[in-house]
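Please look over the model first.

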Amino acid sequence: MERPGIAAPRVSLRSLDVLWFQVGGTLCNLACTHCFVSCSPTNHTHELMSLAEVRRYLDEAVRLGVREYYFTGGEPFLNPEMEAILSATLDVGPATVLTNGLLLDPARCARLKALADASDYSLDLRVSIDGYDAGSNDPIRGEGTFDRILGGIRNLAAAGLNPVITVTEVCREAAADSGKEKFFALLRAIGIERPRLKILPVFRIGAEAERGGAYESWQRLREGDAPVDGWDHLQCSACRMATGQGVWVCPILVNEPSAKMGETLADALGSFPLDHAACWTCHVYGVSCRT
Amino acid sequence: MSNPKLTAHRGLATWGEKLVPLAAFREAVAGAGSPLTAEARAAALRSFTAGSADPTPVEGPFNRIAVFGGVYNNHLALARLLEDAARRGAEAVYCLGDLGGFGPNPEKVRPLLAQGGVLAIQGNYEESLASGREDCNCGYTDPRDNHFAEISYRYTERNCSPELKAWMGTLPKRRRVRLGDRELLLVHGSPRRVNEFLFRSTSPVPFLEVLLDQNRCDAILCTHTGLHWHRHLPSGRDAVNVGVIGRPANDGDVHVWYTMLEARDEGLGVELVPLSYDHQALAAEMRREGLPEEFVATILTGWWTTCLEILPARERAASRS
């Protein structure tokens, strides 16, 4: 990743609005071919986070005035403490969970609804799917997953939770209005009157580098690339990522030791250089991982 | 379908695109970053949330004021508000911006503001109209929200005189007001950005406390979301979204909302006030102006039909669809 002679621009943290948790580590019950963190049932690069670890960061986050909390992995609901973690989080702020939807049985959905109702703050769920039929989704996410994901979405809807459906641009049509309309139709067909959809570009790292190809060497940001109004469109100007092994700059670069900033949030309030190829995607596509 | 990735990581870690022994990743990570000493951490936390001086002059002092936002061209509600606020003994009336959008005939608002002696700040609408922006800069992210926002903006933009737009550009971006012993900061979206949405369910107490510390005030008054709320904070300070008088609050009632604030011995008195007006007449005028039937339906039913996608989960669950 070294680029001799080319300096990367640095982004300051203007406020810590969003705190992410790699709460499911890199462990997942799926092994999607486009996963930029290469999660799988055997990937222990990052382990599950415990409630105690999460609490330590929440205590610090409260002092910093964090606005929202996001949980990802891996699959967060593989974490046996996940619901206790959500309950603790919803005491201090709104929470969003990014899930593959496979572990959303009716009983869990009912418990999640109860957690949402008990809090003053929003609880939101985001379910990933990568096609509007098994033929397009399953080669990416695994055989039989399309039906199981839809089952999870149905269970959430039945419990009174309307999730955001997240689709990556691996599904080529998703970025166009016609493609979005197909997803809306799919969701309406299972009874979601007002579907919610978020489209994300792919990051050409991790498993996706093998599937779709890695970044080209020119896909890098350099000093002078800063837009006139600064880097406020980048989520690293207002977020950090907490893991079981310390604090990283953002949710994308958790498999890069060089993107670790320290052990506590206080260690990670400084600026960070945009020297990774994935930073190019965030800038060019205007990506924010938050909803 | 066999997937070699299911077992690929036994004993290995993913370091970027490479697979390395887990121990190698752990070792690299253990020394990474710039951990501070305990003392430096405490200092970093303090300085990150420290307040800064604000040269905005402080107006007042008053004992009782009325504050509203989001007129959205609803001149009928504005006329009623001025009567209602006077009846309740408001010594000053403040408007937090977004005079245009949604409703009919933007030129009807300005004379009412002048007549009522209303002290206003710029919302994103005023900023956009005064600077000739192509859009309202509402801050929506969904194409369905943006579609209707664009119709609103184009209508208002077309029907505002150059004089009105220029006047909007002369309004301050924020005001500070003394109410009894409290200092209130008046902004449109948030103290940080004109188009930041402060919804109740995504403006947690710790966030608001830090925002108040940073802005050195006893209360923040904002609008922009269209939904009113009040949080009295553990520190004894307050955050209030004063609501909007341009359209109802997505609760099935046709009235709109503004806020009365009062200096009390025990602190700030905050009353969120429902305001009725001739909504049938407004709907008829909107139809005469050819505004979308979706907007008219909101005025007549009290339920939003547009700009719903920006709502957080909790506010969304409370809406009709």
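The points below go from the overall fold to the interface and then to one residue.

The model is predicted. Chain A holds eight helices and eleven strands. It touches chain B through 47 residues, which meet 40 residues of chain B.

**Overall shape of chain A**
- The radius of gyration of chain A is 18 Å. This agrees with a compact globule, because 291 residues packed that way would give a value near 19 Å.
- The C-alpha trace of chain A spans about 55 × 40 × 40 Å along its principal axes.
- Of the 291 residues in chain A, 53% are buried.

**Interface with chain B**
- On the chain A side, 47 residues are in contact with 40 residues of chain B.
- Four elements of chain A each supply at least two residues to that side: α1 (51-64), β5 (123-128), α7 (207-211) and β10.

**A:P257**
- A:P257 sits in the loop of chain A between β9 (246-248) and β10 (260-262).
- Is A:P257 buried or exposed? A:P257 is buried, because 23 other C-beta atoms lie within 10 Å and the cut-off is 20 or more.
- Beyond its neighbours within four places in sequence, A:P257 is in contact with B:W15, B:F25, B:A28, B:V29 and B:A32.

Key. Residues are numbered from 1 along each chain as its sequence is written. Chains are lettered from A and ligands numbered from 1 in the order in which they are written. This is a predicted model: local features need pLDDT of at least 70, side-chain atom pairs count only at pLDDT 80 or more; totals for chains, interfaces and linings use all residues. A residue is buried if 20 or more other C-beta atoms lie within 10 Å of its own, exposed if 12 or fewer, and partly exposed in between; C-beta atoms are placed from the backbone. Two residues are in contact if their C-beta atoms, placed from the backbone, lie within 7 Å. The radius of gyration is taken over C-alpha atoms; the globule rule is 2.2 Å times the number of residues to the power 0.38.
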